Amino acid sequence: DNMPKKSAAAKLPFQVVAYIGMALLCHAGYSTIQYRKYLRLVGEEFEGSPGDIYLEVLMGCALAFIGVLSMADDFEPIKMAETFHSKTVDDVSFRQEFMSFNHRGRVLGTLLDAAEEAARGGGGSKKTQ
């Protein structure tokens, strides 16, 4: 069931399509900047880009999208279901490197024991008023 990977030669036409799409997007941005500069020179107000720039952006997006998606290899199926089928969540998420026994819980435990002992009235030094 091993899917064949796409060779570099098979990806080349799609790379060209993707680069053409990105070049169209860059050119549309440059054209918009030039159009705004032109409007400033003639003293008109910017009310939006011309329709040909919108068309260029749409074509550039479509070509870049098609090129990038076509370059990608096919998805491979996930075969881990058989591995984890018989394991519990605790078995899967157990990470020994995160276990730490040198933490403040030990000190808090002794403080809680002392507080409980004091609450029962036993031991400890109480000041009388």
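Predicted model: local features only at pLDDT ≥ 70, side-chain atom pairs only at ≥ 80, totals over all residues.
**Exercise 1. Find which helix has the lowest mean pLDDT and which the highest.**

Solution. Start with the term: pLDDT is the predictor's confidence in each residue, from 0 to 100. The protein averages 84, and 86% of the residues score at least 70. Now go to the elements. Helix H3 (residues 81-84) has the lowest mean, 69. Helix H2 (residues 51-71) has the highest, 95.

**Exercise 2. List the secondary structure and check the span of helices H1 and H5.**

Solution. Count first. There are five helices and zero strands. From the N terminus the order is α-α-α-α-α. Helices (H or I, at least four residues) and strands (E, at least two) are DSSP runs, numbered from the N terminus.

Then take the rule: the expected span of a helix is 1.5 Å times one less than its number of residues. Helix H1 (residues 8-42) has 35 residues. Its first and last C-alpha atoms are 50 Å apart, close to the expected 51 Å. Helix H5 (residues 105-119) has 15 residues and reaches 21 Å, close to the 21 Å expected.

Finally, look past the helix ends.

**Exercise 3. Work out where H1 bends and which of its residues are buried.**

Solution. The bend comes first: H1 bends by about 25° at Phe14. The bend at a residue is the angle between axes fitted to the seven residues ending there and the seven starting there.

Now the buried set. In H1, Ala18, Gly21, Ala28, Ser31, Thr32 and Leu39 are buried. An α-helix has 3.6 residues a turn, so residues three or four places apart point the same way. The cover over the buried residues of H1 includes H2.

**Exercise 4. Trace how Phe14 and Ile53 link to residues elsewhere in the chain.**

Solution. Contact means heavy atoms within 4.5 Å. Phe14 sits in helix H1. Its relative accessible area is 31%, so Phe14 is partly exposed. Beyond its neighbours within four places in sequence, Phe14 is in contact with Gly67, Ser70 and Met71. Leu63 is 49 residues from Phe14 in sequence, yet the two C-alpha atoms are 9.2 Å apart.

Ile53 belongs to helix H2. At 6% relative accessible area, Ile53 is therefore buried. Outside four places in sequence, Ile53 is in contact with Ala28, Ser31 and Thr32.

Close with the whole chain. Among contacts between residues at least 6 apart in sequence, 75% join residues at least 24 apart.

**Exercise 5. Decide: is Ser70 buried or exposed?**

Solution. Locate it: Ser70 is in helix H2. Ser70 has 19% relative accessibility, so Ser70 counts as buried. Next, its polar partner. A polar atom of the Ser70 side chain lies 2.8 Å from the backbone oxygen of Ile66. Last, the contacts. Leaving aside neighbours within four places in sequence, Ser70 is in contact with Lys6 and Phe14.

Terms used. Residues numbered from 1 in each chain as written. Heavy atoms only, no water. Buried < 20%, exposed > 50% of the residue type's maximum accessible area, 1.4 Å probe, protein only. Polar contact = N/O pair within 3.5 Å; in protein donor to acceptor, adjacent residues only side chain to side chain.
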